[in-house]
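This briefing is meant to be read beside the structure. Keep the sequence and the 3D view open while going through the points.

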Amino acid sequence: MFIPTLERQCTSEQREKFLPLCYDYRIIGTYAQTELGHGTFLRGLETTAHYDPNTQEFILNSPTISSIKWWPGALGKTSTHAVVLAQLYTLGKCHGIHPFVVQLRSLDDHKPLRGITVGDIGPKMGFGPNDNGYLKLHKHRIPRTNMLMKYSQVSPDGTYTKPPRSTLTYGTMTFVRVLIVHGSAIALAKASTIAIRYSAVRRQSELRPGEPEPQILSYPTQQHKLFPLLATAYAFHFVQLAMMKIYTDVNDQINNSNFSRIQELHALSSGLKAFTSWVTNAGLEVCRMSCGGHGYSQASGFPRLYADFTPSCTYEGENTVLMLQSARYLVKCVRDARSGKTLPGTVSYLSEDVSAVHSGGSSGRDLSNLDFLISLYKQRASNQVHFASDKVDRGISAGMDLVGALNSASVHLVSAAKAHSHYFIAKTFVESLKLLKASSELQNVLHQLASVYVFEGIAQSSGDFIEDYILSGSEAKTIRQLAVDLLPLIRVNAVSLVDAFSFRDEVLQSVLGRYDGNVYENLFKWAQNSPLNKTDVHPSYHKYLGPLLKRNQSKL
């Protein structure tokens, strides 16, 4: 996050000063935002940067215990510099959160500078080698020119010039949320690869006496666990490509002083970051359990994969909070649509009349048609968003202020943001396949995956579709069965579909997911290489077990 922040928020002079140092590894930086007492609520960060016009310096302080920076990666022992997010004070007024480049350590001996207390926060659930750190600032002075001033400035006399949009300060977080959508696709693809490859190797239980034990991948229950997750990994792959394109387009517009889509980008990236990381986090555990007892072993690769991915549900915005941020934008869009404003692309459907498909139980509807089913996803999302928006309006009518009304409707707002994100992913998956230049055979296989994703999404959220009369109960049941009917067709290509991710064994780090399928031989080798097996008799025998056995034998 350090270099992207500099690239996006430095003036041309600052770019010339800082970026060559970064690119040549003459300095190493981190992004110090989260504090001991504050994470997602950025406006509540307590670190301060007071401007002193007499010396043209900022004085940075951690005024409380809870204001100590906490969690930034590579902060503890590695980084020489940090982009520090702090409350800017100049001429006696606070102007909110701004980024500052702060040198932490001497470039001669790497010791912390005066006014800098820095260290590692200790062991964590995952990312063991990463020295997530803390930073306490005490009257630490930096030059005025170390405030990143592309969008907002403090002049030598202390005069403040505000940015065209306050949210521009948080551009790096939006970028990282886009990367987390990409990371979700990668993590779920890895887990699916391990579980499906192993399921093609593992044989379990006679179906009939005397018959060979079948591969567990041939069991419909195993297929139903894994194939929807495989389809989801593909869906997330296409949506992260779409998300990155939107991010690039919006940033090109920002560079041309067009800030009209900043809120849309923030809301979409927030919702997708939360949705994809939640689904992936749960999917990793399903994949692990589908591998039976061996999935519990470190050799499977799952414990490391899960521990390293699961923080994604929290960092760069706790998921529930991000869903609420996304939902608040959706509520604003409903109000804008009602006032006649034109909505941007990803939310334009909120101004449409989606009642055309509002006929649950009607005959003649092709429930296998993906375009038709995507229209049902759209109706579900629209209904959820409008319902949540109406809840907010009723709260205001009852005398609440906007903040209270939003808080009162927060459960519905999260559901609305989830439905919006789900619709965007399903729509993107189906539309992306239409644009692919591929053979008819490959198109057919990918269409099967997209169908499973769309069918299962409806089956798992059938209550939403039935409650709003988008589908009848019998139609929901039919769609659930359509997903099951596709499982044996996907089975034929399942191993090839995970091989297509092209993860090398060195990347998967999983004995169960080996490309060559030699699982059992290598599990045995892995166990033999355990440090406990370096000696036949462990030292603890001489200290504890041996004396115990000899004492009891002497009593016989």
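Which residue in S5 is the bridge partner of Ala 49? The partner of Ala 49 is Leu 88. The model is a predicted one.

**Strand S2 and its partners**

- Strand S2 spans residues 48-52 and is mostly covered, because four of its five residues are buried, that is, under 20% relative accessible area.
- S2 pairs with strand S3, residues 57-61, through five bridges, and the two strands run antiparallel.
- Within this pairing, Thr 48 stands opposite Asn 61 of S3.
- S2 and S3 form a hairpin with four residues between the strands, and Gln 56 in this hairpin takes a positive phi near 55°.
- S2 is also joined to strand S5, residues 81-90, by three bridges, and here the strands run parallel.
- As a general point, side chains in a regular strand alternate between the two faces of the sheet.

**The sheet of S4, S8 and S7**

- Three strands make an open sheet in the order S4-S8-S7, with antiparallel pairing.
- Strand S4 (69-70) and strand S7 (116-120) are the edge strands, each pairing on one side only.
- S7 and strand S8, residues 133-137, are paired over five bridges in the antiparallel sense.
- In this pair, Asp 120 is found opposite Gly 133 of S8.

**Two loop residues with positive phi**

- Tyr 25 is not a glycine, yet its phi is positive, at about 60°.
- Tyr 25 sits in the loop between helix H2 (12-23) and strand S1 (29-32).
- Is Tyr 25 buried or exposed? Tyr 25 has a relative accessibility of 67%, so it counts as exposed.
- Leu 91, also a residue other than glycine, has a positive phi near 50°.
- The loop that holds Leu 91 lies between S5 and strand S6 (93-103).
- Leu 91 has a relative accessible area of 60% and is therefore exposed, the cut-off being over 50%.

**Domains and their interface**

- The domain assignment of the protein chain gives domain 1 as 2-153, and domain 2 as 176-205 + 215-334 + 378-392 + 417-499.
- The C-alpha centres of domain 1 and domain 2 are 35 Å apart.
- Seven residues of domain 1 are in contact with 12 residues of domain 2.
- About 760 Å² is buried between domain 1 and domain 2, and carbon and sulfur atoms give 58% of this area.
- On the side of domain 1, Thr 40, Met 125 and Phe 127 lose the most area to domain 2, together 62% of what that side buries.
- How many salt bridges does the rule find across the interface of domain 1 and domain 2? The rule finds zero salt bridges there.

**Regions listed by UniProt**

- An unreviewed UniProt entry lists residues 170-331 as "domain: Acyl-CoA oxidase C-alpha1".
- The span 170-331 is 72% helix and 0% strand, and its end C-alpha atoms lie 21 Å apart.
- The unreviewed UniProt entry also places "domain: Acyl-CoA oxidase C-terminal" at residues 370-550.
- The span 370-550 is 77% helix and 0% strand, with its end C-alpha atoms 73 Å apart.

**Salt bridges**

- A search of the whole structure finds 22 salt bridges.
- Arg 261 pairs with Glu 264 in a salt bridge, and their closest N and O atoms are 2.7 Å apart.
- Arg 261 is partly exposed at a relative accessible area of 21%, whereas Glu 264 counts as buried at 2% relative accessibility.
- Asp 393 and Arg 338 form another salt bridge, with the closest N and O atoms 3.3 Å apart.
- This pair links distant parts of the chain: Asp 393 is in helix H8 (residues 370-397) and Arg 338 is in helix H7 (residues 319-338), 55 residues apart.
- Asp 393 has a relative accessible area of 24% and is partly exposed.
- The side chains of Lys 378 and Glu 352 also meet in a salt bridge, at 2.9 Å from N to O.
- Lys 378 is in helix H8 and Glu 352 is in the loop between H7 and H8, so this pair too links distant parts of the chain, 26 residues apart, and Glu 352 counts as partly exposed because its relative accessibility is 38%.
- Arg 335, Arg 338, Asp 390 and Asp 393 are linked in a network of salt bridges.

Key
Residues numbered from 1 in each chain as written. Predicted model: local features only at pLDDT ≥ 70, side-chain atom pairs only at ≥ 80, totals over all residues. Heavy atoms only, no water. UniProt positions renumbered as here; feature names shortened; annotations may be inferred. Buried < 20%, exposed > 50% of the residue type's maximum accessible area, 1.4 Å probe, protein only. Pairing = 2+ DSSP bridges. Domains from an automatic or database assignment. Contact = heavy atoms within 4.5 Å. Buried area = accessible area lost by both parts, 1.4 Å probe. Salt bridge = Lys/Arg side-chain N within 4 Å of Asp/Glu carboxyl O.
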